[in-house]
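Visitor: Could you take one part of this predicted model and go through it slowly with me? I'd like the cut-offs spelled out along the way.

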Amino acid sequence: MYLQVLGSAAGGGFPQWNCNCANCDGLRKGTINARARTQSSIAVSEDGERWILINASPDICAQLASFPAMQPARACVIPVLRPWC
Ligand SMILES: [Zn+2]
């Protein structure tokens, strides 16, 4: 079983866009030792190839870009049902 933490911050990420607390302000100014984090999300896989995404957020594009194992490697085929046939 594989588990990848894609993000671990609260709903607005860190620093939170609408927050000016000491931590968020300190990160923006570079005065605290911390790293920016995206919103909470994880990916799990049994084989390291097929992943299940849990808790997709608006940060999903950046999270997928930072984790190449989840980037599409093949076309996705969606069956089309035609009830009139
Ligand atoms: Zn804050």
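**Confidence, then the sheet and the zinc site**

Guide: Over the chain it averages 88, with 85% of the residues scoring at least 70. This is a predicted model, so to speak, with ground rules: local features need pLDDT of at least 70, side-chain atom pairs count only at pLDDT 80 or more, and totals for chains, interfaces and linings use all residues. Residues are numbered from 1 along each chain as its sequence is written, and side-chain values use heavy atoms, leaving out hydrogens and water.

Now the zinc ion. C19, C21 and C24 coordinate it through their SG atoms, at 2.2 to 2.3 Å. Donors here are N, O and S atoms within 2.8 Å of the metal (3.2 Å for Na, K and Ca), and sites may look incomplete because water is not among the atoms. Along the sequence, the donor residues follow the spacing C-x1-C-x2-C. C19 is partly exposed, at 24% relative accessibility, and so is C21, at 33%. For the record, buried means under 20% relative accessible area, exposed over 50% and partly exposed in between (1.4 Å probe, protein chains only). C61 counts as exposed, at 64%. The structure holds 0 disulfides, a disulfide being a pair of cysteine sulfur atoms within 2.5 Å.

Next, the sheet: 3 strands, open, in the order 1-2-3 with antiparallel pairing. Strand 1 (2–7) and strand 3 are at the edges with a single partner strand each, so one side of each has no neighbour in the sheet. On average, neighbouring strands are turned by 20 degrees against each other, direction ignored; axes are lines fitted to C-alpha atoms, for helices over the stretch in contact, with angles from 0 to 180 degrees between N-to-C directions. Strand 2 (residues 41–45) pairs with strand 3 over 4 bridges, and A43 sits opposite L53 in strand 3. Two strands pair if DSSP finds at least two bridges between them. Helices (H or I, at least four residues) and strands (E, at least two) are DSSP runs, numbered from the N terminus.

Last stop: P58 is in the loop between strand 3 (51–54) and helix 2 (60–65). P58 is exposed, at 73% relative accessible area.

Key:
pLDDT is the predictor's confidence in each residue, from 0 to 100.
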